[in-house]
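Hi there,

Here is the structure I promised to pass on.

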Amino acid sequence: MRIHILIYLFGVLFYACNETGYVTISHAYPPIYPDYIDVTIPANIAPLNFLMRDSVEKLLVTIEGEKESIRVKGKNKVQVPLKKWKALLASRPEQTLTVTVLVKKKGEWIQYKPFNWHVTPDSIDPFLSYRLIEPGYEVWNSIQLVERHLETFDERVLADNNLTGGSCMNCHIYGNQDAALSMFHIRGEHGGTIVNRNGKLEKINTRTKDMISNAVYGNFHPTGRYGVFSTNVVIPELHTYGSKRLEVYDSAADLVVLNFDTREVISQPFLSDSTSYESFPVFSACGKWIYYCSAGYVPLPDSIRSLKYHICRTSFDPKNGTIGASADTLWNAREMNGSVSHLKTSPNGKYLLYTVADYGTFPIWHREADLQLMDLETGEMDKLEAVNDTCSDSYHSWSSNSRWFVFASKRDDGIYGKPYFAYLDSTGKAHKPFALPQLDQEYYDNTLKSFNIPELSKGQVPYDARDIEQIYWKPEALPVRYTESEPKLVE
Amino acid sequence: MTVKNDKTHWVYGSALVLLSFVFFQSFYAYHLFFKEQVQLFLYSAEYFLTYFDKPGWLARFAGDFLTQFFYLRGGGPAVLSALFLIEWLLITKILRQINHSSTPYLWALIPVGMDWVLHTRLSHPVSVSAGTILVLLFFLAYRCISNHKIAFIAGILLLFATYWLAGSAMYILLILLVLPANKNHRFPLYKQLVLVLLASFIPYLFYQKYLLTLQQAYLFPANQPSSLLLAASILLAVLFDFSTKNIQQNHYRILRFGLPPFILILVAFGLKSMANFNLEKILSLDSETYFGHPDQVLRLSEKYQLNNRYTAYYTNLALAQSGQLPEKLMEVYQPASDGLFLPVSQHENWLTILFSNEAFYLVGDMNMAQHSAMLGMTFSPYHRSSRMVKRLADINLVTGDYPAAAKYLRMLNKTLLHKKWATDRLNLIRNGESPNWLIRKRQQIAQTDSLRKAYDHLPSVQFLVGQNPENTIARDYLLCHLLLNKEIGAFRQLYDRYARQQNLPLPSAYSEALLVSLFQAGASQDELASYNIPSRKIREFINYSNLYERSGGNPEKLVELYGKSYWFYYHFATKTAMEP
């Protein structure tokens, strides 16, 4: 009798443990969102929560590391506990996690083909800032600059235009991925360029009467003393063809360098004449070069498809703050039959990352816009096929170790941009990117905001939305003085 | 009958609530439809958590939950009436408890009447009423505390909790806590002062956390200071109930029969000053367009006889949908071409921007419709709109951008009342089906690309017609645009290019405009004959010209016979400043 009872109890226990009963094995990957199938992730990223795109009744996910594993249940989405996730990643700095997804669908259990998450010990800078804005693409209403801690799901608002009279805010960029060196522009009556240097905020009016506009696209010099900017007269126009949306082009665009210490703006005649359009300037990692995009004049908008931007380079002397008198072309738009925008040099000085579209200077709404990587030592170019998708991939930024970059991709729906992170290994090979994890991945389905200009940083910026509110309403922005640089070749 | 055994008091509240139902159902239904259209309530835990970003989360959640039922015919009036009834019952109960007066149910009519009046404004959200009800319930629960010390501490805590849960409805709690009428819990003056100071300070304490301006922090979830009149009306009700206690005993019948009509007169006065019946008419045209009832739009437009660009806009839309635009163009008020397309820019009010996508969608300019719908949603008060999300889904279905359409449809799939609509369309995507409406819309869209500015309506619609001259709606919009701007030469040129070959019956406005053009050009009889203009129309033109000559160009002599002809418009219509 006792034996019978024991057998019975064992049977009940076995059945209870094996709650899934019969399981159908599927040879397909699970239809999860976001697409986290076989991606490479840094050891310091937050859990990659996901949801099932098809309707399921139950979801069981096992994440198996080399030493530990996690089992998570859900209805149609999983939220991996942060502590367990961190312990799993900490158990081994470099490992492959195997993710097995088991779902109950119409009463039947299905196990999908397992997939991997390759964990690399090369960590990513732990903070990400971005602009959240409705992709209304010509006018704005509510805008926030947000800082997200990538190791958790914590978010902090750095600036909110609800507090600054509804004025437009451009994206937040760092110097050397250092949170103590950053800037962004606020437009509007009390606007200016907000520069954060070691937590001290300054509002600078970057426009003088000699310039065609305020500073627009910019980048810090590695010393933090200078900023290089394009000044652009921006014209937005709408396409007539349905799936294309907005085209933005410049009717004039120049390039200037601003000395933040002396608030002096310098340029060169060849960078400020009307025969060409200059845009997206950046300093090299060594600070001795300025890379920028340049296109020859074409009548616009009629010849918009002929508007193709090269990658050019001119020298810069940080000691005297002077720009070289001539430029080299590194990427010839005619030969490559494309147009370049958004240059970003890697912090180690080895790479130049940029976006290539068929034409123009506003790749956000160009489906064909893809990222490309240039090895500045060899001149080799990589089309980053593992990274790019059929929708626009642009607005990228490097991690300080040059092993990761983040970019805004519209790959999910063609309209709403989201940050994706891609790994570049020691051989220079790029890996499949993954979307910014959210505590509840339904967020991406429910939001009507687009992520703009995601930028990585090593730390938390030393201000918040209230500091920006205060400086915005201060009456005067600090003026700058314009001088044209003496033509001088810098070796 | 004594005061105590008078069981008829519920009649007063019920009557006012019933009247409010009749008002909203019969005279103000479209404001309520529209309130639903400019919100998007999702059944999603992730979405629910977003309510915690701002104060008054429970009131806002409850308000938005209830507003979704405004989509149904009768839903809005039913929800508001129910809210008013609950408000009345709760206020009556509270007044009875704190003052033991004999006519609390009469004074409770004041806040109900005020809320009714306030709900005539688009800016007054249901969350304010929901917050009020929450606070009244909290107060009733609070009344159970008999110990004065605990009551004071609980009052302090409740003020914080109320701001968190119901936002600015906290002021109602403050009123009820400190008023002298509150006999059982009358605090000494210094404690009352503490409560007043605290309530004044709470929004200030949290405005930074909630990323609000100070004004927003003191109003939230209300959008306008006028919504605070509800709290003020509760204060009045309490004060009146308290200060007239003796009168209530001695002149019960006078109060009982005199006060309700007086309150009704006040409500009527409030409705007259706060309700916008012109906007209601415009919203009726807008909503009937959204519901797909062009015949109803034409019927209402004829009934209203409103001369503004919005009425012209919706009338033209309805006429174009039924193919009557060029035939009846001159029979309705036309503010030049401003009644064909509404401008989309940050200089316009959000309603205009939100309305503007309809014409672009109708003519087949999908990119402009998308631009306009996105901006309409962005500029609407809550930056989310079920109506605009539906429009965006349809636009992307038409252009074949299925991932984008699916994004919007997935959102709508999480709603209660748009779920079926979304599921049907998601099935279209899954099954690769193209129903007739989709095929028809796809035939309208441009197949090649060009650039234009957002305000370049004429080149945009001309491009569409150039792409597909069979797009008769776009063609009528193009030709009527030129006619309304008196560009007769361009009209004839484009008519010749796109419409002359069609051998269709010549609509009235076109034949009249062609006669003007042919006359100006000194066209031959053969040329005139080649347009197949009805001989009756030619005779009318001759008669008009003769009368014009004889009267020396006096419009008064012409208006009776020819006031609705294009000739009259061409001669006498002038463009004045745009109506608001």
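Chain B has 34 helices and 1 strand. Keep in mind that all of this comes from a predicted model. If you draw a box along the principal axes around the C-alpha atoms of chain B, you get roughly 100 × 60 × 40 Å. The chain has 580 residues, and 57% of them count as buried. I also looked at contacts in chain B between residues at least 6 apart in sequence: 71% of these join residues at least 24 apart.

Now for the place where the two chains meet. How many residues does each chain bring to the contact? Chain A gives 46 residues and chain B gives 42. Together they bury about 4,000 Å², and carbon and sulfur atoms account for 53% of that area. On the chain A side, three residues stand out: A:Leu238, A:Thr240 and A:Arg466 supply 18% of what chain A buries against chain B, more than any other three residues.

There are charged pairs here too, with 6 salt bridges counted between chain A and chain B. One to find on your screen is the salt bridge between A:Arg367 and B:Asp401, where the closest N and O atoms are 3.2 Å apart. Which elements of chain A give two or more residues to the side that touches chain B? They are strand 13 (155-160), strand 19 (226-239), strand 20 (246-259), helix 4 (442-446) and helix 5 (465-473). Helix 4 of chain A has the largest share, with 5 residues.

Next, have a look at some strands in chain A. Strand 5 (residues 58-64) is a handy one to start from, and it runs antiparallel to strand 8 (residues 95-105), with 7 bridges joining the two. You can check this at A:Val61, whose bridge partner in strand 8 is A:Val101. Strand 5 also pairs with strand 6 (residues 69-74), again antiparallel, through 6 bridges. Here A:Thr62 stands opposite A:Arg71 of strand 6. To get from strand 5 to strand 6, the chain makes a hairpin through 4 residues.

Further along chain A, 4 strands form an open sheet in the order 30-31-32-33, with antiparallel pairing. Which strands sit at the edges? Strand 30 (393-398) and strand 33 (434-435) do, as each pairs on one side only. Strand 30 is joined to strand 31 (residues 404-409) by 4 bridges in the antiparallel sense. In that pair, A:Ser397 stands opposite A:Val406 of strand 31.

Last, the cysteines. The count is 0 disulfides over all chains. Take A:Cys312: the nearest cysteine sulfur belongs to A:Cys293 and is 8.2 Å away, and A:Cys312 is in no disulfide. Is A:Cys312 buried or exposed? Its relative accessibility is 6%, so A:Cys312 counts as buried. A:Cys391 is buried as well, with a relative accessible area of 6%. The cut-off for buried is under 20%.

Conventions. Residues numbered from 1 in each chain as written. Chains lettered and ligands numbered in written order. Predicted model: local features only at pLDDT ≥ 70, side-chain atom pairs only at ≥ 80, totals over all residues. Heavy atoms only, no water. Disulfide = S-S within 2.5 Å. Buried < 20%, exposed > 50% of the residue type's maximum accessible area, 1.4 Å probe, protein only. Pairing = 2+ DSSP bridges. Contact = heavy atoms within 4.5 Å. Buried area = accessible area lost by both parts, 1.4 Å probe. Salt bridge = Lys/Arg side-chain N within 4 Å of Asp/Glu carboxyl O.
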